[in-house]
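Have the viewer open as you read.

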Amino acid sequence: MKWFTSCLTNRKQYTVLQNLESEPECVTYGVPQGSVLGPLSFLIYVNDIQYAITNAKIKLLANDTNLFFHSKDTVKLFTLANAGMLQLFEWFKANKLSLNVDKTCYTVFGPNYKKDMALTLHINGKAIQNVNCCKYLGIMIDNDLKWKTHMDHIYNKVIKFVSIFYKIHVTIF
């Protein structure tokens, strides 16, 4: 346990810009990035996030957090989601973490949702971007659940290599 404590205490950091260095400052919280213990420390640190929101399913993958709310009533859905976002923001604040709202987005799945509805999702007073498609575990999921976006994404990745495979095929035979 001493090695774990020594990894997280008495740490200092400084900034270098061109040839100028700032004075070293003590780091009083956080997980050192790039260290062997970094990922494990982060997982231990955020382990209780599952209890932060009472009305959603939370799924974590590395440093990505995904929330899933459900309701047949769109207005109720947004009410639940905004309440959940408030709970999440309070958990982040209590744990001295920040959320990059610019990288945060949401998608509403289902036939009854109309994007022109005057419903928005917020965290800490900032609107979260509503997108037609989101990436989840490497899969592009569109709000219509039609898979066209994912298939186009895969097609565009594969098409780059088709000529390479053709050349390999030609040279082999």
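## The hairpin

Let's start with E5 and E6, which form a hairpin with two residues between them. In that turn, alanine 62 has a positive phi of about 55°. The strands are E5 (residues 57-61) and E6 (residues 64-68), running antiparallel and joined by five bridges. Two strands pair here if DSSP finds at least two bridges between them. Across the pairing, isoleucine 58 sits opposite leucine 67 in E6.

A word on where this comes from: the model is predicted, with pLDDT of at least 70 needed for local features and 80 or more for side-chain atom pairs, while totals for chains, interfaces and linings use all residues. Numbering runs from 1 along each chain as its sequence is written, and side-chain values use heavy atoms, with hydrogens and water left out.

## Positive phi in two loops

Most residues other than glycine have a negative phi. Asparagine 124 isn't a glycine, yet its phi is positive, at about 55°. You'll find asparagine 124 in the loop between strand E8 (122-123) and strand E9 (126-127). Its relative accessibility is 49%, so asparagine 124 counts as partly exposed; the cut-offs are under 20% relative accessible area for buried and over 50% for exposed, with partly exposed in between (1.4 Å probe, protein chains only).

Leucine 145 also has a positive phi, near 55°. It lies in the loop between strand E12 (139-142) and helix H4 (148-172). Leucine 145 counts as partly exposed because its relative accessibility is 49%.

## The whole chain

Zooming out, the chain has four helices and twelve strands. These are DSSP runs numbered from the N terminus: H or I of at least four residues for helices, E of at least two for strands.

How does the radius of gyration look? The chain has 22 Å, whereas a compact globule of 173 residues would be near 16 Å (taken over C-alpha atoms; the globule rule is 2.2 Å times the number of residues to the power 0.38). Along its principal axes, the C-alpha trace spans about 60 × 55 × 35 Å.

## Burial and contacts

Buried residues make up 24% of the 173 in the chain. As for contacts (heavy atoms within 4.5 Å), take those between residues at least 6 apart in sequence: 44% of them join residues at least 24 apart.
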